[in-house]
Structures are given as C-alpha cells and as structure tokens.
Amino acid sequence: IRDLTARYEAIGGGSPLPAITVRQASALQEVLITKGYPVSVYIGMRYGTPSIAHAVTEMAQDKISRVVMCSLSPYRSPYTSEGYYEEARRISYQKGVLSVVEINPWYAHPSLWGAWAEHLRRVNNGVEMSLVNTPVLFTAHSLPLAIAASCRYVDQLRATIEGILTLMGPFTWHLAFQSRGREGAQWLTPTPEAVLEQLHDQGHRKTVIIPIGFVTDHLETLYDLDIILGP
C-alpha cells in the first residue's frame, strides 16, 4: 500500500480517471440526446467510486429496468470488460432490478482505429520524427498466461493494430505488455522495457509509445509509462 501511495503521489496525488470518466459519460449522453435517444448515462467502477453497485442502486431508484452496459475497455478478458459485466450482472440479479444488455468488445470498430490513427498523425507531424524510420511500441495491460490462453485478448489487440495500419499504411511496430501483477504466475511478455532495450541495441534512439490497451490516462499510463519509461 505504501508503494502504491507513493506512485499516486508521483502523478499528482490521485488518478485523473474518475474526472475523465465523468466527462466521457456527459459527452456520450449529449451525443445520444442529439441523435434522438433521451437516455441517462451512469458510471460504475469495479475498484473505485462510484461503484457498479452504486450505479445499479441509482438506476433502480430512477425506475430503470433495462440498461445497456458498455465497458470502457475495448478488449474482452476476465480482467477487462468481462469482469465488469459479470459484476453488473451479479449485482443486478441480487437486487432483481435490471436487465443488462452488454455491448460486444469494440476493438474492431473503425472509430477506435481512427482515433488512434489521428494520435499517430499528430505525433508524426508534431515532432522531428517520421514513422518511416521510427518504430511504434503499442502497450497494453499484461495478463497471466493462463488467463490469456482462455480468451482472445491478444488477438483483439493485434486486430486493433491491424486496423490502424489500414488507415495509416505500413510502419514498424511492436506490442508489449505492461503493469503486470506481483503474484508468481507467468505473465504475457515482452515488457515495454525489454522491447525498448532491444530497439536501442538496434540503433533506434526514438520510439513512439501508444498505450493501445487504455482509453484514458490513469496510473498505468502516467506512472508505468511516463515515469518509469520516461526520459
């Protein structure tokens, strides 16, 4: 706990994730209303506040009986969207208040590819480098090998990367797995550190790092990437 506290202190004393998620929910609700769907958007977090249980209770109080649930992870695995959906189903069943409709993993949605492609274009145009000779390192949260073998998590990540390539054209890329847990199980590799060392040995002095496994900044990006891998 002390080590985790120090990490949060290093990124400013807390995670920006809750505030960013609120803005995402508000923007989604505005878009839905403009498209003729006057629905409310609620936020539920598995390991933070407001919790999924709080969101279910709030929806029950608002007399809502059916909810469309969208995980903010585009990829499905027991550690990502699947875990959130299971939690929502369990709590809804216990309370007997909601019918839950799950949005399928959206790793292959063209708008996701387009958003990442736009980030890459900005990097390519905004700094003195070119994707022609600068490798791109995509990173995502690691999983225990046993868990990864039971789902299509890695395949989904690669599908997103391939989608970006269809929009950007070919460039050199690598996929690494960050923020592994501390338990003794074997986890997905390579790590970002290992890939960066390999690229350095090959003569590369610049690399574009894209945290493709995440859709917003939080501890895993601001600390595990910006501080541990930072200059």
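**Salt bridges and a helix face: a short tour**

Hi everyone. The structure holds eight salt bridges. Please keep in mind that this is a predicted model.

We start in helix H1, which covers residues 2-10. Here arginine 7 pairs with aspartate 3, and their closest N and O atoms are 3.3 Å apart. The two residues are four apart in the helix, which puts about one helical turn between them. Arginine 7 is partly exposed at 21% relative accessibility, and aspartate 3 is partly exposed too, at 35%.

Next, helix H5, residues 110-126. Arginine 121 and glutamate 118 form a salt bridge there, at 3.7 Å from N to O. They sit three residues apart, again about one helical turn.

Now, which parts does the bridge between glutamate 102 and arginine 76 tie together? The N to O distance in this one is 3.1 Å. Glutamate 102 belongs to strand E2 and arginine 76 to the loop between E1 and H4, so the bridge links parts 26 residues apart in sequence. Arginine 76 counts as buried, at 19%, while glutamate 102 is partly exposed, at 25%.

Finally, let's look at helix H3, residues 52-61, where Ile52, Ala55, Val56 and Met59 are buried. Viewed down the helix axis, the buried residues fall within an arc of 100 degrees, so they line one face of H3. What do they pack against? Their partners are strand E1 and helix H4. Just after H3, lysine 63 has a positive phi of about 65 degrees.

Key: Residues numbered from 1 in each chain as written. Predicted model: local features only at pLDDT ≥ 70, side-chain atom pairs only at ≥ 80, totals over all residues. Heavy atoms only, no water. Buried < 20%, exposed > 50% of the residue type's maximum accessible area, 1.4 Å probe, protein only. Arc of directions from axis to C-beta. Contact = heavy atoms within 4.5 Å. Salt bridge = Lys/Arg side-chain N within 4 Å of Asp/Glu carboxyl O.
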